[in-house]
Amino acid sequence: MAPTVLLPILFLLPILQPAYSKLSVNYYDKSCPNFAQIIQDVAVEKQLAIPTTAAGTLRLFFHDCVVGGCDASLLLSSTPFNLAERDYEANRALPGDAFDLVIRAKTKLELACPGIVSCSDILAEATRDLISMVGGPYYPVRLGRKDAFESHATDVDGHIALPNMTISKIIDIFAAKGFNVQEMVALTGAHTIGFTHCSEFASRIFNFSKSSQIDPSINPDYAQGLRKLCQNYKKDPTIAAFNDPMSPGKFDNSYFHNLQRGISLLASDQAMAFDPRTNPFVETYAKDQNAFFQAFAHAMEKVSVLGVKTGKKGDVRRKCDSPNSLSAN
């Protein structure tokens, strides 16, 4: 009797396999052989022109993947009838250069191989290339994602970690996506590049409490420098500081050294240096850059296949900021 019970179960196994099992690093080898080169060329050109492109693209990619999966839903524009993810409050500060990078790559790919390459694959590949370009680890990117049909700002709540959240809350958000504490700390190391607007950390350097103007966990000299930089942030909301003042354009482990010295913009980042659940990994990555790179690369591979859409569950958009069908969004 055993075989008659097992056969139906074995027959169902291919159906139950996750969508990412359909992805492949050589997905475009035949259908768009110049895919990788085109992405790389556009990424190099953009990064050389705008050195913060790498950080912006990494942030765009992560924010896209943690809400509904890596499906380029964050690239879709809002319409008079729908507020898209990109216009959710936490996403409004995402840099336009990251969106522009994807649009430029898509334009060139549509000329080379029209209707073949998805916007979500462009974003995944370009993110990896840019991380590597600024000194970070190289990791394989599996391809074959399809783009989402729609995007809704209401879907974002609770999926993106915010600076004012407790470590416990952030751990829970990452755990819900399948990431453990070590992977969470490694991914947060992405803050080794890029910048943060003063409004995101002003509460730590101005009127922190009744007894102190400054958050005592911040290095005092660093805090004074930030106060000077951000003194007019309310009049000019574009004023920002580099996340890593020591090597702002280089992907390295100095971010973790900074945490140990109280040199961190975000309260949620600084807390990782003190919390017993996260501190061991902060110390490890501060001592060993290779350990950080290996953990980061592994975690990014996991991020890149979150909730991917394949087959008829998605589409290859002709334009990354609008669905092929106007009624879809």
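# Pockets, salt bridges and disulfides in a predicted model

Thirteen residues, written as 13 in the count, line the second largest pocket, and those nearest its centre are Asp71, Ala148, Glu150, Asp155 and Lys309. The structure is a predicted model. Its largest pocket has a volume of about 1200 Å³, eleven salt bridges are counted, and a search of the whole structure finds four disulfides.

**Second largest pocket**

- The space in the second largest pocket is about 150 Å³.
- Its lining divides into six charged, four polar and three nonpolar residues.

**Largest pocket**

- The volume of the largest pocket is about 1200 Å³. It is lined by 45 residues, and the closest to its centre are Arg59, His63, Ala161, His191 and Leu266.
- Two or more lining residues come from each of α3 (53-65), α6 (167-176), α7 (181-188), β1 (195-197), α8 (202-205), α11 (267-270) and α13 (289-303).
- Helix α3 gives the most to this lining, with six residues.
- By residue class, the lining of the largest pocket holds 27 nonpolar, 13 polar and five charged residues.

- Side chains of opposite charge can pair when their charged atoms come close.
- Lysine 46 pairs with aspartate 100 in a salt bridge whose closest N and O atoms are 2.6 Å apart. This pair links distant parts of the chain, with lysine 46 in helix α2 (residues 35-49) and aspartate 100 in helix α4 (residues 96-112), 54 residues apart.
- Lysine 46 is buried at a relative accessible area of 6%, whereas aspartate 100 is partly exposed at 24%.
- Aspartate 100 also forms a salt bridge with arginine 104, where the closest N and O atoms are 2.8 Å apart. Arginine 104 and aspartate 100 are four residues apart in helix α4, so about one helical turn separates them. Arginine 104 is partly exposed, with a relative accessibility of 39%.
- In the salt bridge between arginine 128 and aspartate 129, the closest N and O atoms are 3.0 Å apart. Arginine 128 is buried at 4% relative accessible area, and aspartate 129 is buried at 9%.
- Through shared partners, salt bridges join Lys46, Asp97, Asp100 and Arg104 into one network.

**Disulfides**

- A disulfide is a covalent bond between the sulfur atoms of two cysteines.
- Cysteine 32 is joined to cysteine 113 by a disulfide with an S to S distance of 1.9 Å. Cysteine 32 lies in the loop between α1 (2-16) and α2, and cysteine 113 in the loop between α4 and α5 (119-133), so the bond ties together parts 81 residues apart in sequence. Cysteine 32 is buried at 2% relative accessible area, and cysteine 113 is buried at 6%.
- Cysteine 119 is joined to cysteine 320, S to S 2.1 Å. The torsion about this S-S bond is about -95°, so the disulfide is left-handed. Cysteine 119 sits in helix α5 and cysteine 320 in the segment after α13, 201 residues apart.
- Cysteine 119 counts as buried at 0% relative accessibility, as does cysteine 320 at 6%.
- The sulfur atoms of cysteine 198 and cysteine 230 are 2.1 Å apart in their disulfide. This link is left-handed, with -70° about the S-S bond. Cysteine 198 is in the loop between β1 and α8, and cysteine 230 in the loop between α9 (220-229) and β2 (240-242), 32 residues apart.
- With the bonded cysteines numbered in sequence order, the pairing is 1-4, 2-3, 5-8, 6-7.

Terms used: Residues are numbered from 1 along each chain as its sequence is written. This is a predicted model: local features need pLDDT of at least 70, side-chain atom pairs count only at pLDDT 80 or more; totals for chains, interfaces and linings use all residues. Side-chain values use heavy atoms; hydrogens and water are left out. On a 1 Å grid over the protein atoms alone, a cavity is a set of points where a 1.4 Å probe fits but cannot get out, and a pocket is an open set with protein on both sides within 12 Å along at least five of seven lines; lining residues have an atom within 4 Å of a point. Grid points are joined across faces, edges and corners, and a volume is the space filled by probe spheres set on the points. Ala, Val, Leu, Ile, Met, Phe, Trp, Tyr, Cys and Pro count as nonpolar, Asp, Glu, Lys and Arg as charged, and the others, Gly among them, as polar. A salt bridge is a side-chain nitrogen of Lys or Arg within 4 Å of a carboxyl oxygen of Asp or Glu. Buried means under 20% relative accessible area, exposed over 50%, partly exposed in between (1.4 Å probe, protein chains only). A disulfide is a pair of cysteine sulfur atoms within 2.5 Å.
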